[in-house]
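User: I am new to reading models like this one. Could you explain some of the words used for it?
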Amino acid sequence: MKTFTFQTVANAVAIAVAAWLVGGIELTGDGTWDTVLTLILVALLFGLVNWLVKPVVSLLSLPLFILTLGLFTLVVNALMLWLTSWLSDQTGLTFHVDGFWAAFWGALIVSVVSWAVNVVLPDGG
């Protein structure tokens, strides 16, 4: 449970940084606590998408991973963030990614920030 909580917080921080840096990613709320709650729910949704959908997409696109020497991972990560945006819209969360390139740059930032958070706080705490 500690690792799950830590990973959710790391995702939330990473998504907040991406929303702050990338112009096509919007995360809004009616106040500070509403924005924080939205951020946590989006991080949970992002974790669920990465847990359920990403392995299937990765398996189906294995030839592209091999052909591009792993660079296709960036495209898959962008698609997972874009899917999270679409699911957020469906559930009424105020998180929106405006197109593929915003998703691409956002996913790159999310990956780097998540990695940095995991380096600073290893083993979930």
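User: What makes the radius of gyration of the protein agree with a compact globule?
Analyst: The globule rule is 2.2 Å times the number of residues to the power 0.38, and the radius is taken over C-alpha atoms. With 125 residues the rule gives a value near 14 Å, and the protein has 14 Å, so the two agree. This is a predicted model, in which local features need pLDDT of at least 70 and side-chain atom pairs pLDDT 80 or more, while totals for chains, interfaces and linings use all residues. Residues are numbered from 1 along each chain as its sequence is written, and side-chain values use heavy atoms, without hydrogens and water.
User: How do you know which helices and strands the protein has?
Analyst: Helices (H or I, at least four residues) and strands (E, at least two) are DSSP runs, numbered from the N terminus. The protein has 6 helices and 2 strands, in the order α-β-α-α-α-α-β-α from the N terminus.
User: What classes do the residues in the contact of α5 with α6 belong to?
Analyst: Ala, Val, Leu, Ile, Met, Phe, Trp, Tyr, Cys and Pro count as nonpolar, Asp, Glu, Lys and Arg as charged, and the others, Gly among them, as polar. On that basis the contact of α5 with α6 has 11 nonpolar, 3 polar and no charged residues.
User: What are the dimensions of the box filled by the C-alpha atoms?
Analyst: Along the principal axes, the box is roughly 45 × 35 × 25 Å.
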